[in-house]
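Try each one yourself before reading the solution.

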Amino acid sequence: MDKHYTIEVVCLFCDSVLKVEEGKEYTSGDMIKCHECGEMNDFDSVLDIAKEKGVEMVKNEATKEIKAKLKNLFK
Ligand SMILES: [Zn+2]
């Protein structure tokens with residue numbers, strides 16, 4: 001699979017997309033400040049949610065591809 005999936009991290013409090021600094025590496029225990037509501041988001045929790053969303057995205061993409069293939073098969 002050569003597709004690139006971007007995973008967005010969202011604020012735990014207001015659901016807006018968190019601006020993660022380019023090139024900055026966040027580690028476990030870090031806090032990311034939300035630019036919208038000013039709340040501090042726990043990096044671990046934010047990442048967990050982002051991962052779940054990423055998995056969903058990949059699953060959806062895979063399902064679409066399989067469906068497209070099946071369609072071609074039964075033409
Ligand atoms: Zn927020």
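Of the contacts in the chain with a separation of 6 or more, 38% are between residues 24 or more positions apart. Keep in mind that this is a predicted model. Its mean pLDDT is 85, with 89% of the residues reaching 70 or more.

**Exercise 1.** Work out which pattern of strands and helices the chain follows along the sequence.

*Solution.* Start by counting: there are 2 strands and 1 helix. Now read along the sequence, and you get β-β-α. As for confidence, strand E2 (residues 40–42) has the highest mean pLDDT among the elements, at 95, while H1 has the lowest, at 89.

**Exercise 2.** Check what span helix H1 should have, and how far apart its end C-alpha atoms are.

*Solution.* H1 covers residues 43–73, which is 31 residues.

**Exercise 3.** Decide whether H1 lies largely in the open or is mostly buried.

*Solution.* Count the buried residues: the number is 1 out of 31, so H1 lies largely in the open.

**Exercise 4.** Describe the surroundings of valine 20.

*Solution.* First find valine 20 in the segment before strand E1 (31–33). Next, count neighbours: 15 other C-beta atoms lie within 10 Å, so valine 20 is partly exposed. Setting aside neighbours within four places in sequence, valine 20 is in contact with Val9 and Ile32. Valine 20 and isoleucine 32 are 12 residues apart along the chain, and their C-alpha atoms are separated by 7.7 Å.

Note on methods:
Residues numbered from 1 in each chain as written. Predicted model: local features only at pLDDT ≥ 70, side-chain atom pairs only at ≥ 80, totals over all residues. Helix = DSSP H or I, 4+ residues; strand = E, 2+ residues; numbered from the N terminus. Expected span 1.5 Å × (residues − 1). Buried ≥ 20, exposed ≤ 12 C-beta atoms within 10 Å, placed from the backbone. pLDDT = per-residue confidence, 0-100. Contact = placed C-beta atoms within 7 Å.
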